[in-house]
Amino acid sequence: SARWAMRQGRSPEPFFEAAASAAQRGLDVNPQNAAAYQTAAKAHRWRAEWLRSMRRDPNPDITAGLRLIRTALQLNPALANSLMTEAALLILQAEATDTPTERQILVRTATRSLDRAIEIKPVHEREARQLRERAELI
């Protein structure tokens, strides 16, 4: 997996490309598949995390991920995994912006997504806690 490659100090790029390709095939088969949009957005989330750790620009992946996750949530507003991914992308965007007011708005929006995800699927509480702690540092 991409995260395994990153822990090993290797480039996760082939894994991101494979995930994006698989998600696109799913969307080609069924463009109304919210889970496929969510999978594609998650690949962008992890690529943005990696780019940020390499001190490279994560914004194109953040933007693409948010576009995909918003489509997923339009198709299925109760998809807790999509809400978690949306929150993570918003936190990444907040970390990447220089504008304090924009940071605050992004963190508040991310927190609302986390709250909704936990309401729908409490099993996400641990990951939500980690994301909230990260947001508090912004």
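Guide: Helices (H or I, at least four residues) and strands (E, at least two) are DSSP runs, numbered from the N terminus. This is a predicted model, in which local features need pLDDT of at least 70, side-chain atom pairs count only at pLDDT 80 or more, and totals for chains, interfaces and linings use all residues. Residues are numbered from 1 along each chain as its sequence is written, and side-chain values use heavy atoms, with hydrogens and water left out.

Visitor: Which pattern does the chain follow along the sequence?

Guide: The chain holds 7 helices and 0 strands. Read along the sequence, its pattern is therefore α-α-α-α-α-α-α.

Visitor: Why is the chain as compact as a globular protein of that length?

Guide: The radius of gyration is taken over C-alpha atoms, and the globule rule is 2.2 Å times the number of residues to the power 0.38. For 138 residues the rule gives 14 Å, and the chain is close to this because its radius of gyration is 15 Å.

Visitor: Is Glu13 buried or exposed?

Guide: Glu13 lies in helix H2, residues 13-29. Buried means under 20% relative accessible area, exposed over 50%, and partly exposed in between (1.4 Å probe, protein chains only). Since its relative accessibility is 18%, Glu13 counts as buried.

Visitor: Which residues is Glu13 in contact with, leaving aside its neighbours within four places in sequence?

Guide: Contact means heavy atoms within 4.5 Å. With those neighbours left aside, the contacts of Glu13 are Arg47 and Trp50.
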